[in-house]
Amino acid sequence: MAQRLVRAKRKIKAAGIPFRLPAPHLLEARLASVLAVVYLIFNEGYTGRGDLAGEALWLGRALVELMPDQPEAHGLLAMMLLHDSRREARFRDGDLVLLADQDRSLWDADEIARGRAALDRSLALGGRGPYVVQAAIAALHADDPRDWLQIAVLYGELARLTDSPVVALNRAVAIAELEGPEAGLEIVEQLDLDGYRYLHSTRGELLARLGRATEARDAYRRALTLVHDDAERRQFERRLAELGSDPSSP
């Protein structure tokens, strides 16, 4: 993907291809597709490919320059900037560090400020779409302490907009922080995401908080069967070890 992006930019420059907007009747459908692709590129880069994340940010800036009145373009850029600001704190000695455990002194304050400014611009334009909502959630996660009530409300709105069970899972995490692990677990148990590793790791964490260690270990073992990233695997293995051995095991 990174090589294709570089080749595409070289071709655009060499051929003098202008950046221009499609006809108005084509803009909305095309913009949604472009935003989705940029979002996917950033997500891939955020897991460790800094070059791809940088390309996605470049594309995001190009979009807001081309379409300064499109709130979702500003929302996507805001979300990417706010997430990217935590890049240096996400890993320690090759191991994944959860947001709550990250060293905030490693966060890029300038990038957070730029992300908040882009979010403010999207809201001023009347933005209420999924990228704007995700950017608002990311901005709240940059606060200390985090306002879990607002985060839960925004995840509820995002779930309404997207009808995504993954969003519902994130809302369950916020509800657990707000109302306790039992309330979060009640939501998790209703989600049809058996093939999604984070469902099981989240379920394992909530069960552990409730003192249901045997069930928590089973949940983390299920998560381990679905993981493909070495850093995530080590994280799940550490959490499983912290839960201790199963007394029923021989």
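Start by selecting Arg 197: at 23% relative accessibility this residue counts as partly exposed. Here buried means under 20% relative accessible area, exposed means over 50%, and partly exposed lies in between, using a 1.4 Å probe and protein chains only.

**Before going on**

This is a predicted model, in which local features need pLDDT of at least 70 and side-chain atom pairs count only at pLDDT 80 or more, while totals for chains, interfaces and linings use all residues. Residues are numbered from 1 along each chain as its sequence is written, and side-chain values use heavy atoms, with hydrogens and water left out.

**Stop 1: Arg 197 and its partner**

The side chains of Glu 232 and Arg 197 form a salt bridge, 2.6 Å from N to O. The pair links distant parts of the chain: Arg 197 sits in helix 10, Glu 232 in helix 12, and 35 residues separate them. A salt bridge here is a side-chain nitrogen of Lys or Arg within 4 Å of a carboxyl oxygen of Asp or Glu. Glu 232 counts as buried, at 7% relative accessibility.

**Stop 2: the whole chain**

Zoom out and colour by secondary structure. The protein chain has 12 helices and two strands. Helices (H or I, at least four residues) and strands (E, at least two) are DSSP runs, numbered from the N terminus. Follow the sequence and the pattern reads α-α-α-α-β-β-α-α-α-α-α-α-α-α.

The C-alpha atoms fill a box of roughly 70 × 35 × 35 Å along the principal axes. Buried residues make up 42% of the 250 residues. Now colour by charge. There are 33 positive and 38 negative side chains, and the centres of the two sets lie 7 Å apart. Lys and Arg count as positive, Asp and Glu as negative; His and the chain ends are not counted. Each charge is placed at NZ of Lys, CZ of Arg, CG of Asp or CD of Glu.

**Stop 3: Glu 177 and Arg 209**

The structure holds 16 salt bridges. Select Glu 177 and Arg 209 for another of them, at 3.4 Å from N to O. Glu 177 lies in helix 8 (residues 165–179) and Arg 209 in helix 10 (residues 197–209), so this pair ties together parts that are 32 residues apart in sequence. Glu 177 is partly exposed, with a relative accessible area of 35%. Arg 209 is also partly exposed, at 42%.

Together with Glu 177 and Arg 209, they are linked in a network of salt bridges.

**Stop 4**

Go to helix 11 (residues 213–226), which holds both Arg 221 and Asp 218. They are three residues apart, about one turn of the helix. Their side chains meet in a salt bridge at 3.0 Å, N to O. Arg 221 counts as partly exposed, at 34% relative accessibility. Asp 218 is partly exposed too, with a relative accessible area of 42%.

**Stop 5: Leu 243**

Finish at Leu 243, in the segment after helix 12 (230–242). Is Leu 243 buried or exposed? Leu 243 counts as buried, at 16% relative accessibility. Show its neighbours: Leu 243 touches Ala 208, Ala 216, Arg 217 and Tyr 220, not counting residues up to four places away in sequence. Contact means heavy atoms within 4.5 Å. Then draw a C-alpha to C-alpha distance from Leu 243 to Glu 205: 9.9 Å in space, 38 residues apart in sequence.
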